[in-house]
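Please open the structure in your viewer and keep the selection tool at hand.

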Amino acid sequence: MAEGRLAALKARAEGLFMRFLIWRERHVKEKTFVIFLSLVVGVLGGFAALILKSLIHLISGLLTSHLSVTEGNYLFFIYPVVGILITTLFVRYVVRDNISHGVTRVLYAISQNKSRLKAHNVYSSMLASSVTIGFGGSVGAEGPIVYTGAAIGSQVGSIMRMSPRVLMILVGCGAAAGIAGIFKAPIAGMLFTLEVLMIDLTTVSVMPLLISSITAATIAYTFTGYDVEFFFMQSEPFVTSRIPFAILLGVFCGLVSLYFTRVMNMMENYFGSIRSPWKKLAIGGALLSCLIFIFPPLYGEGYGAIVALLDGNYAGILNGSIFYADRGNVWFILTFIALILLTKVFATSATNGAGGVGGTFAPSLYVGCMAGFFFAYLTNNLFGLDLSVKNFALMGMSGVMSGVMHAPLMAIFLTAELTGGYELFLPLLIVSTLSYGTIKLFEPYSIYAMRLAQRGELMTHHKDKAVLTLLKINNVIETDFLSVRPEMNLKEMVGVISKSHRNLFPVLDGDGRLIGVVLLDEIRNIMFRPDLYRRMHVDKFMSMPPAKVATGQSMEQVMKVFDDTGAWNLPVVDEEGRYVGFVSKSKIFNSYRRVLRHYSED
């Protein structure tokens, strides 16, 4: 009886909802409705960021509030492993899906999955990353909150039956809201979506992105106050005589970004080669625990170390360390920070490789702060200069973030919004631009995008490449070509031609493998000679196609084959060489125009 009532209520609710959707389509313009949905996504994304931040601080505070500041803490050997173990069990037995590399997965969803993300992504990344980071995992919460925000946008759009074009905008709104909410940085949130997720800035997208970012930031300010994330007071103005040093710092940050990116990829490949998740946990957990015990600033996001450096408390970097007694030694502090600079990427990759969930956003901020501080502190002590160490630490944050993420504008505005350091806008511009330019010489794609780019699955601001990425070869294969066998004679061939409306015929062997093609134009001169009907066979007048394409190739690769061969039709084969169909330039061009028109509607 109760089940019947529930079913009836559910059916009634679904009916009312469908009536609402029909009413909306008739009376509310899509652009207006997208603005409303962006507000909803901004609210939900802002609260998600607030919850994630609170969970991390709660767990971290409970575990570390009683630890000693003046000596080493052996609990650092235990906390990170326990956190990753809990996360692994949660992901493996509750979520049952891979939720690591959140930003990369959002990029994949946009370019390959019509911007659709799974429902569990709304909460799974938040819970997993809060445990990982709270227990000491040396990663950031920004990747997971981007994944969460994007999933919120995707789910809201899917529930409202929005088109893939609108879904893409709402996914971007969710990601922007996540960044804006967790950093109180609305401009950076929008720029993250434009530069990292590579959603085009159009009259349709700009307003929803701004609304979501501003809404999420407003929620963050309402519940956590108007203080910036890292308090920074510029006690020394930046003067033009420091510009050469800013230029050198920009190049240095670019090289640090390159080191960070290359080592991260190397470690990911290493952990990826290990099959057993428990072996990954053992190796990654051991490496992470040892690094955190030796270098306590590697614990969690590491924002405490950033605050200490920006506050001028250089010796505070040694708090909770076995080297606490050496906090008065300038050269020891320099060496300690240099080692942190080198080992942070190992701690981050070990956290993720062992089974933890977190992003590389905060680590790039962290490494940038250390790089800027190290550069200025070393220069001052070697050459007797008086560079503002705080200013250069701030500039370094912008520089490394710009290089690692290939997002110079976002890095500039995020650094300024995080710290209130707007007076340093010129040097931030210099350092970020030069860092980005330096790493671009070696790495054409960001740490998030490079793997997708290698597989041809990345959508970019390059309009042609973006549209080709959205096209799938399976959608343009034509299968209405009549096939022939190599042993067929000319008379049988003419019989097949009479039934076909094509001028191209694939020649297949007994296993369905393509061994050649017959072109109507090439046999037209013998088609009407009955004396050759019995003597001529297909294997005598068939020819080899200029090239073949495989079902797994990207559309960009297919178009390159067309350009290289000059062909208008190419056969498609599967992994075992069996014939599937043909692709034609005309069909691809028609599909290209349709997709371009659909995603460019303004």
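Predicted model: local features only at pLDDT ≥ 70, side-chain atom pairs only at ≥ 80, totals over all residues.

**First stop: helix H23**

Select Met 559, which is found in helix H23, residues 555–565; helices (H or I, at least four residues) and strands (E, at least two) are DSSP runs, numbered from the N terminus. Met 559 is buried, with a relative accessible area of 12%. Here buried means under 20% relative accessible area, exposed means over 50%, and partly exposed lies in between (1.4 Å probe, protein chains only).

Residues are numbered from 1 along each chain as its sequence is written, and side-chain values use heavy atoms, with hydrogens and water left out.

Colour the model by pLDDT, the predictor's confidence in each residue, from 0 to 100. The mean pLDDT of the protein is 86, and 92% of its residues reach 70 or more. Next, select residues 460–464, where the pLDDT is below 50. Beyond near neighbours in sequence, this stretch has 11 contacts in the model, a contact being heavy atoms within 4.5 Å.

**The nonpolar cores**

A nonpolar core is a set of buried Ala, Val, Leu, Ile, Met, Phe, Trp, Tyr and Cys residues joined through side-chain atoms within 4.5 Å. The largest one has 138 residues, and those with the most contacts inside it are Phe 183, Phe 192, Ile 317, Phe 361, Met 370, Met 405 and Met 410. Select helix H14, residues 361–383, to see the largest share of this core, 13 residues. A second, separate core of 17 residues includes Met 493, Val 507, Tyr 533 and Phe 541.

Which residues does Phe 192 touch, not counting residues up to four places away in sequence? They are Val 103, Val 146, Ala 175, Ile 179, Leu 197, Phe 361 and Met 410.

**Helix H4 and its ends**

Val 103 also belongs to the next selection, as one of the buried residues of H4. Eight of the 11 residues of helix H4 (residues 102–112) are buried, so the helix is largely enclosed by the rest of the structure. The buried residues are Gly 102, Val 103, Thr 104, Val 106, Leu 107, Ala 109, Ile 110 and Ser 111.

Select His 101, in the loop between H3 and H4. Its phi is near 50°, a positive value in a residue other than glycine, and His 101 is partly exposed, with a relative accessible area of 35%. H4 is followed by Lys 114, whose phi is positive, near 55°. A further stop of this kind is Arg 161, which has a positive phi of about 55° although it is not a glycine; Arg 161 is found in the loop between helix H6 (142–159) and helix H7 (164–183).

**Salt bridges**

Side chains of opposite charge can pair when their charged atoms come close. A salt bridge is a side-chain nitrogen of Lys or Arg within 4 Å of a carboxyl oxygen of Asp or Glu, and a search of the whole structure finds 11 of them.

Select Arg 502 and Glu 478, whose side chains meet in a salt bridge (2.6 Å, N to O). Arg 502 lies in the loop between helix H20 (490–499) and strand E1 (504–508), and Glu 478 in the loop between helix H19 (463–470) and H20, so the pair ties together parts that are 24 residues apart in sequence. Is Glu 478 buried or exposed? Glu 478 is buried, with a relative accessible area of 14%, whereas Arg 502 is partly exposed, at 21%.

Move on to Glu 487 and Arg 485, whose side chains meet in a salt bridge of 2.8 Å, N to O. Glu 487 is partly exposed, with a relative accessible area of 49%, and Arg 485 is partly exposed, at 42%.
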